Amino acid sequence: MLALLLGACLVGASEPRAPTRQERARYPWLSADSSIRPLSEALPPPEGYTRVALEEGSFGAWLRGLPLRPEGTPVLDFQGRTILPAKNDSLAAVAELDVGRADLQQCADSLIRLHAEWLWSRGDKERIAYRFTNGDLASWPRYAQGERARVSGSKVTWEKRGPVDGSRAAFQKYLDLVFTYAGTLSLAAGKRRPSREDVRPGDFFVLGGSPGHTVMVLDVARDAEGRRVALLGQGFTPAQDFHVLSPGDAGPWFSLEGDTVATPFWAPFPWSSLRRW
């Protein structure tokens with residue numbers, strides 16, 4: 001019965017369109033000629049389910065408007081090769097988010113990118129900071145002031161070797177630095193570990209390792225009996241388009257009622273792997 005409910009709204013009715021001025025401010029990597037569908041319009045909740053309430057301006061609310069590419073878009077890697085064809089049963093949608101030209105923006109990096117972009121769009125740039133695998137903190141304000149990381153084994157030292165530059169181009173270079181030295185082990189070490197009863201959009205499941213994997217909770221909906229479902233998204237290896245997953249014919253919403261959350265490309269995530277920024 002649940003599978004039938006989850007499959008009831010597999011595809012939304014929204015048509016691709018150019019982003020509004022407000023959307024370009026909220027998602028600053030978008031160009032004026034992008035063709036997008038906001039996630040909340042493209043992927044409505046199943047029949048009988050309602051999206052959970054979110055605080056205005058929160059990361060979850062920002063993710064709810066995440067721009068998606070037109071229906072029928074495949075997942076491409078950083079070299080333009082097809083990773084998942086558009087009709088793959090495990091693919092619900094592809095985000096309109098550039099992946100770069102190097103094999104850097106993989107699974108953990110995609111989550112970091114989205115979180116950093118949300119902070120940037122809010123003007124909270126002083127809060128943009130992420131830990132390398134060794135635990136060292138790499139902050140955007142420090143990088144923008146011209147400090148650069150010198151990495152030797154597991155030791156990191158910061159030196160004033162660059163210009164003062166707070167531009168988007170410099171921000172991308174900062175993110176590339178973080179992508180190089182952060183990963184699932186960094187995210188798994190996070191101290192904020194919400195309970196399964198408190199899961200909300202913007203949280204993520206992570207199993208740290210080399211390799212490990214992580215998926216982001218993009219949205220959550222609930223029915224009258226309190227049962228919950230979620231939209232889940234991921235990047236992956238090699239670096240590739242961030243995409244919304246589907247459990248298959250019952251997609252694109254995943255049930256949150258089990259002891260684990262099973263996704264198509266990795267081992268099931270136990271609730272103990274849930275983290276919050």
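## Terms and basis of the model

Helices (H or I, at least four residues) and strands (E, at least two) are DSSP runs, numbered from the N terminus. The structure described here is a predicted model, in which local features need pLDDT of at least 70 and side-chain atom pairs count only at pLDDT 80 or more, while totals for chains, interfaces and linings use all residues. Residues are numbered from 1 along each chain as its sequence is written, and side-chain values use heavy atoms, with hydrogens and water left out.

## Overall form

The protein has 8 helices and 18 strands. Its radius of gyration is 18 Å, close to the 19 Å that the globule rule gives for 277 residues, so the protein is as compact as a globular protein of that length. The radius is taken over C-alpha atoms, and the globule rule is 2.2 Å times the number of residues to the power 0.38. Along the principal axes, the C-alpha trace spans about 60 × 40 × 35 Å.

Of the 277 residues, 51% count as buried. Buried means under 20% relative accessible area, exposed means over 50%, and partly exposed lies in between (1.4 Å probe, protein chains only). The protein exposes about 12,500 Å², and carbon and sulfur atoms supply 50% of this area. Accessible areas come from the Shrake-Rupley method with a 1.4 Å probe; for residues, only the protein chains shown count as cover. A contact means heavy atoms within 4.5 Å. Among contacts between residues at least 6 apart in sequence, 62% join residues at least 24 apart.

Helix α7 covers residues 168-181, which is 14 residues. From its first C-alpha to its last, α7 reaches 20 Å, close to the 20 Å expected at 1.5 Å a residue. The expected span of a helix is 1.5 Å times one less than its number of residues. Which residues of α7 are buried? They are Ala 170, Phe 171, Tyr 174, Leu 175, Leu 177, Val 178 and Phe 179. An α-helix has 3.6 residues a turn, so residues three or four places apart point the same way. The cover over the buried residues of α7 includes α5 (107-122), α6 (140-144) and the strands β7 (129-131), β8 (137-139), β9 (147-152) and β10 (155-160).

Helix α5 has 16 residues and reaches 24 Å from its first C-alpha to its last, close to the 22 Å expected at 1.5 Å a residue. This helix is mostly covered, with 14 of its 16 residues buried. Just after α5, Gly 123 takes a positive phi of about 85 degrees.

## Buried residues in loops

Glu 96 is in the loop between β6 (91-94) and α5. It counts as buried because its relative accessibility is 18%. Leaving aside neighbours within four places in sequence, Glu 96 is in contact with Trp 29, Leu 30, Ser 34, Ser 35, Ile 36, Pro 67, Leu 68 and Arg 69.

Ser 58 sits in the loop between β2 (49-51) and α4 (59-64). With 18% relative accessibility, Ser 58 also counts as buried. Ser 58 and Glu 23 are 35 residues apart in sequence, and their C-alpha atoms are 15 Å apart in space.

Is Asn 134 buried or partly exposed? Asn 134 lies in the loop between β7 and β8, and at 38% relative accessibility it counts as partly exposed. Not counting residues up to four places away in sequence, Asn 134 touches Ser 154 and Val 156. Asn 134 and Glu 117 are 17 residues apart in sequence and 24 Å apart in space, C-alpha to C-alpha.

Gly 162 is found in the loop between β10 and α7. At 13% relative accessibility, Gly 162 counts as buried. Gly 162 touches Gly 146 and Arg 148, not counting residues up to four places away in sequence. Gly 162 and Gly 146 are 16 residues apart along the chain, yet their C-alpha atoms are separated by 4.2 Å.

## Cis peptide bonds

Where does Pro 211 lie? Pro 211 is in the loop between β11 (204-207) and β12 (213-223). The peptide bond from Ser 210 to Pro 211 is cis, with omega near 10 degrees.

A cis peptide bond also joins Thr 237 and Pro 238, with omega about -5 degrees. Pro 238 lies in the loop between β13 (228-234) and β14 (243-245).
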